[in-house]
Amino acid sequence: MKNGRWIFIAMLALVDVLAVGRISAQGVAETLQGMLAAQIRSQGFTCDKPLGATKDAARSRADHGVWVLRCSNASYRVSRWPDMPAKVEPLR
């Protein structure tokens, strides 16, 4: 009987660890697109649901990041400089 309880407790702990790992991995993936969507919303643009963000390596520089943000209703090119509002360009 005692061994059965330990096995049950070990299984619960394993399930808990796996669930936390999955949640944190999803959080990392959603952080960038969510952050960019929140930034452009604060500047008056509409982004209903952020679907993805891709860095534009050709336009980016060391202190100037350029991202293409795909939302459910539109796509935007977002240029970001430190300590300044983003430059947002709607894409077709």
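Modeller: Let's start with a hairpin: β2 and β3 form one, with three residues between them. Keep in mind that this is a predicted model.

Biologist: Okay, how do β2 and strand β3 (residues 75-80) pair, and over how many bridges?

Modeller: They pair in the antiparallel sense, over six bridges. To see one for yourself, find Leu69: its bridge partner in β3 is Tyr76.

Biologist: And which way do strand β1 (residues 50-55) and β2 run, and how many bridges join them?

Modeller: Those two run antiparallel, joined by five bridges. Look at Pro50, whose bridge partner in β2 is Cys71.

Biologist: Is strand β2 (residues 65-71) largely enclosed or open?

Modeller: For burial, you check how much of each residue is accessible; under 20% relative accessible area counts as buried. Five of the seven residues of β2 are buried, so the strand is largely enclosed by the rest of the structure.

Biologist: Which residues form a disulfide, and how far apart are their sulfur atoms?

Modeller: First the general idea: a disulfide is a covalent bond between the sulfur atoms of two cysteines. Here, the partners are Cys47 and Cys71, with their sulfur atoms 2.0 Å apart. The pair links distant parts of the chain, 24 residues apart: Cys47 sits in the loop between α1 (2-42) and β1, while Cys71 belongs to strand β2. The structure holds one disulfide.

Biologist: Is that link left-handed or right-handed?

Modeller: The link of Cys47 and Cys71 is left-handed, with -95° about the S-S bond.

Biologist: Last one: is Cys47 buried or exposed, and what about Cys71?

Modeller: Cys47 has a relative accessible area of 3%, so it's buried. Cys71 comes out at 6%, so it's buried too.

Definitions and conventions:
Residues are numbered from 1 along each chain as its sequence is written. This is a predicted model: local features need pLDDT of at least 70, side-chain atom pairs count only at pLDDT 80 or more; totals for chains, interfaces and linings use all residues. Side-chain values use heavy atoms; hydrogens and water are left out. Buried means under 20% relative accessible area, exposed over 50%, partly exposed in between (1.4 Å probe, protein chains only). Helices (H or I, at least four residues) and strands (E, at least two) are DSSP runs, numbered from the N terminus. Two strands pair if DSSP finds at least two bridges between them. A disulfide is a pair of cysteine sulfur atoms within 2.5 Å.
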